[in-house]
Amino acid sequence: MDQTVIKYRHCGRDIYSFSCSNSHFNKQSDDLNRRECPICRHTLTFGLLDAPVAITCPFINAHKVSCAFIIGSVHGPSHLGEWHDTEIHVGLTNSQGLVYNYTLSGVQRDDRGWEQCVCVQLVPPWRHDLRDSWDRELNEFSLLPEWVSERFHEEREFGSCCYGFALTFINRMRSLDGKVPLSRDEFTGCHVLPRIKTVSTYINIYHTILQHGFYIADKLDNM
Ligand SMILES: [Zn+2]
């Protein structure tokens, strides 16, 4: 999913396509000005103030994000549009983008492999106090006997193991900051599901463009 998606308006609808090539209606030319509207078939002429807008890709390289909760999938980013515990794997980045994640072999510290993820930034940039203690706390936390590989399945009854690891750490940092802990449902509902919904819309648009060369938005789409 490495093409840039753009959005423009014609015939009163928002229309999405790739920024260049690969879409069936501009095979002859990559020139945006020679595209047709897929509804009225008129050649599109983009004038002042109606330049197509590039849609921000919701997948982020987690190794470039500090102090974040990240959601990845071993099957690639197109599997992140639905919230299936079996499909996803979650972790936490330290200030250097090193990803701590709990697996069958215990806690891993990955410096690669999380290049296309959904990221939830956890620490505001101006909270230097929290940022400064983050790495030390995360490292200490990851060494606790709770997270040895033998206990991986034991933890499963509390939900998926990797999720339990990440959320327990988030709650530990919240308690150091004088905040009440969040339940799994609260965290998922407030911080994860809205992002998964955006990702799901993006994936649907992307796959439709791959198939048909364009995507015509419903009133309900909001990208
Ligand atoms: Zn049109």
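The following paragraphs treat the sheets, then the helices, and then the aromatic pairs.

This is a predicted model, in which local features need pLDDT of at least 70 and side-chain atom pairs count only at pLDDT 80 or more, while totals for chains, interfaces and linings use all residues. Residues are numbered from 1 along each chain as its sequence is written, and side-chain values use heavy atoms, with hydrogens and water left out. Helices (H or I, at least four residues) and strands (E, at least two) are DSSP runs, numbered from the N terminus.

Strand β1 (residues 5-10) runs antiparallel to β3 and is joined to β3 by two bridges. Within this sheet, K7 stands opposite V53 in β3.

Another open sheet has five strands, in the order β7-β6-β5-β4-β8, and its pairing is antiparallel. Its edge strands, β7 (106-110) and β8 (118-121), each pair on one side only. From one strand to the next, the twist averages 25°. Five bridges pair β4 with strand β5 (residues 88-93) in the antiparallel sense, and I71 stands opposite V90 in β5.

The helices may now be considered. Two packed helices are described by the angle between their axes and the distance between the axes. Axes are lines fitted to C-alpha atoms, for helices over the stretch in contact, and angles run from 0 to 180 degrees between N-to-C directions. The axes of helix α1 (residues 128-142) and helix α2 (residues 161-176) come within 11 Å and cross at roughly 135°. The two helices are therefore oblique to each other; angles under 35 degrees count as roughly parallel, over 145 as roughly antiparallel, 65 to 115 as roughly perpendicular and the rest as oblique. Contact means heavy atoms within 4.5 Å. Residues of α1, including L130, W134 and F141, meet residues of α2, among them F165, F169 and M173. By class, this contact of α1 with α2 has eight nonpolar, three polar and three charged residues. Here Ala, Val, Leu, Ile, Met, Phe, Trp, Tyr, Cys and Pro count as nonpolar, Asp, Glu, Lys and Arg as charged, and the others, Gly among them, as polar.

The axes of α2 and α3 also come within 11 Å, and they cross at roughly 90°. That makes α2 roughly perpendicular to α3. In this contact, Y163, L167 and I170 of α2 meet R184, F187, T188 and V192 of α3.

Finally, the structure holds 15 aromatic pairs. Rings of Phe, Tyr and Trp (its six-membered ring) pair if their centres lie within 6.5 Å; planes under 30 degrees apart count as stacked, over 60 as edge-to-face and the rest as tilted. One of the pairs is edge-to-face: F69 and Y163, at 5.7 Å centre to centre with 90° between the planes. This pair links distant parts of the chain, with F69 in strand β4 (residues 68-73) and Y163 in helix α2, 94 residues apart.

Note on methods:
Two strands pair if DSSP finds at least two bridges between them.
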